[in-house]
Amino acid sequence: MKKSITTKNPYTGQVLKDYQYHSENDIENILNSADKTFEKWRTTDIKHRTDLLQNLANLLEQHKEKYAKLMMEEMGKPLNQGIAEVEKCAKLCDFYIANADHFLADQIIETEAKESFISYDPLGVILSIMPWNYPFWQVFRFAVPTLTAGNVGLLKHASNTTGSALKIENIFIEAGYPKGCFQTLLTNHDTIESIIGNKTIKAVTLTGSEKAGRSIAEVAGKNLKKTVLELGGNNACIILDDANLDKYIDTIVKARMQNNGQSCIAAKRFIVTENIYDQFLELFTKKIKNLTIGNPDSKDTYISVMAKESLAEELENQVEKSLEKGATIHYGNERKNAYYQPTIITNVSSNMPIFKEETFGPVAAVIKVKNKQEAFKTAANSRFGLGTMVFTENIKEVYKEISNIPDGAFFINEMVKSDPRLPFGGTKASGYGRELSKEGILEFVNTKTVYINK
Ligand SMILES: O=CCCC(=O)O
C-alpha cells in the first residue's frame with residue numbers, strides 16, 4: 001500500500017505537497033479520541049453548539065478568499081466559484097443556527113399515555129467519505145448538521161483535496177470545537193472496510209460514485225450500520241416549445257458548465273422539443289462559445305481545467321464511444337491535459353455513454369424530441385434519480401408531472417441546485433437518504449419513542 005499522498009495543481013501541473021498516511025496506530029488514536037469526545041459533546045446544550053456554528057460562519061466569511069485559493073490549487077476550481085462555495089458553507093451555518101433548536105426539540109405526540117414524545121438523540125461517531133468536486137461544501141453539509149445534532153465526525157476526503165481536508169479540521173478547532181469533534185483521516189480505500197467495521201463507527205455517509213456507494217453500502221450493511229449515499233446523476237434538462245430562452249438561457253448554461261461541469265446535479269442531458277430545437281441550439285452554442293476560459297486564479301474565468309487529467313481522459317472516452325455510435329460534435333471537443341473544451345454533442349441516442357452514464361465534465365448531450373410527452377419519457381429513461389429540470393411558460397401543465405418524476409428533485413424554470421433549506425439527495429442509482437434541511441439533521445439521530453404511562 002502507498003504510504004503517502006501527493007497533491008498536484010491540475011492547471012500548472014506542479015506538485016503541491018506530500019502528506020504521510022496515518023499509521024494503523026494513528027487511526028486507532030483518532031477513533032478513540034472521537035469516541036471519548038462524543039461522550040462529552042453529546043451532553044452539551046444546543047445553545048453552545050449553535051454558538052460554535054456562529055464562530056465557524058465568521059471564520060468562513062473572513063477567510064473565504066484563502067480557502068477558495070486552496071481549492072483552486074488542488075482541483076482547479078475558478079476562484080470566484082470557490083469564494084461562492086465558501087459563502088454557501090457560511091449560509092449553511094446560519095440556517096442551522098436559526099433552526100437546529102426546533103428541529104431537534106422533543107416532539108410531543110398525544111396518545112392515551114400521561115406523556116408521550118419523540119426525542120432525537122445523537123448516534124455517536126459518523127464517518128464521512130467525501131469527493132473533491134466541492135471540497136468545502138460537501139464536507140460542511142455533512143459536518144454542520146451532524147455535529148450540531150450532537151454527533152462527532154470523521155472525514156476521509158478525496159486524496160487530491162487533502163490540503164482542504166486538513167484545513168477544514170483546523171477551522172473546526174479554531175472555531176472552538178473540542179479536538180476530537182471533527183477529525184480527518186489520511187488513509188486510502190484499503191483501510192475503509194476495517195474502519196467501518198470498528199465498533200466506534202455508528203454510521204457512514206458517502207458522496208461519490210455509484211461504484212463507491214455500492215461497495216461502502218455492502219461493507220456497512222455487513223456491519224449493520226446506517227448509510228446515507230449521495231451518488232452520481234445524469235439529470236435531464238427539458239426545454240419545452242414555450243420555454244423563455246431569453247430569460248433562462250444563462251441558467252441553462254450554468255446548469256451544465258459550473259464547476260467545469262463537475263457536479264453530480266449538473267444538467268447532462270438536454271432534452272429539447274422540436275419546435276424550439278434550432279433556436280435553443282443556436283443560443284446555447286453562442287453562450288457556450290462566450291464562456292471565459294483560462295487560469296482559475298482570474299476572477300473572470302468561468303471554465304478552467306478539470307480536477308485531474310485522468311478525469312478528462314475518461315470523459316473523452318465516453319464521447320469517443322458515443323461518436324462511434326453515431327453522435328455528432330456540434331461544438332468543441334478539444335482536450336489538452338486536464339483541460340476539456342466546453343462541448344455540445346447532438347444526434348444523441350439512449351444507447352450512448354453520454355446518455356446512459358454520468359458525464360463529469362463540460363460536455364452537453366442534446367437530444368431532439370417530438371413533444372412534451374416524449375420529453376418526459378426520455379428524461380425518465382435513466383438509472384439515476386438525482387433531479388430533473390424543466391423550462392416552460394406553462395407551469396400548470398408541468399405541475400401534473402411532479403409525481404411522475406421518480407427523482408429526488410424537480411425544478412421548474414431553475415437549475416437543480418442544493419440549498420440549506422431544502423432536502424438534497426437522490427433515488428435509484430443516485431443513492432438514498434437526505435442531506436440539508438430538517439431531513440438532513442435527522443439522518444444521524446436515534447428517533448426515540450418515549451412513553452410514560454399514567
Ligand atoms: O456534486 C454534487 C453537489 C453539488 C451541490 O450541492 O451543489
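Start by selecting K64, which sits in helix α3; helices here are DSSP runs of H or I with at least four residues, strands are E runs of at least two, and both are numbered from the N terminus. Before going on, a word on what you have loaded: this is a predicted model, where local features need pLDDT of at least 70 and side-chain atom pairs count only at pLDDT 80 or more, while totals for chains, interfaces and linings use all residues. Residue numbers run from 1 along each chain as its sequence is written, and side-chain values use heavy atoms, with hydrogens and water left out.

Stay on K64 and show its surroundings. Leaving aside residues up to four places away in sequence, K64 touches I83, V86 and E87, where contact means heavy atoms within 4.5 Å. Its side chain also makes a polar contact with the side chain of E61, at 3.1 Å.

Now zoom out and colour by domain. Domain 1 covers 4-231 + 430-452 and domain 2 covers 235-419, with bounds from an automatic or database domain assignment. Their centres, taken over C-alpha atoms, are 30 Å apart. To the contact, domain 1 gives 26 residues and domain 2 gives 28.

Together they bury about 2300 Å², 52% of it on carbon and sulfur atoms; that is accessible area (1.4 Å probe) lost when the two parts are put together, summed over both. Select Y11, W132 and S430: in domain 1 these lose the most area to domain 2, together 25% of what that side buries.

Then go for K299 and E65. They form a salt bridge, with the closest N and O atoms 3.1 Å apart; the term needs a side-chain nitrogen of Lys or Arg within 4 Å of a carboxyl oxygen of Asp or Glu. Between the domains, the count is two salt bridges and 13 residue pairs in polar contact, both residues at pLDDT 80 or more.

Last stop: the ligand. Which residues surround the ligand? Select K88, N133, Y134, W137, Q138, R141, S263, C264, I265 and S418, each with a heavy atom within 4 Å.

Technical notes. Polar contact = N/O pair within 3.5 Å; in protein donor to acceptor, adjacent residues only side chain to side chain.
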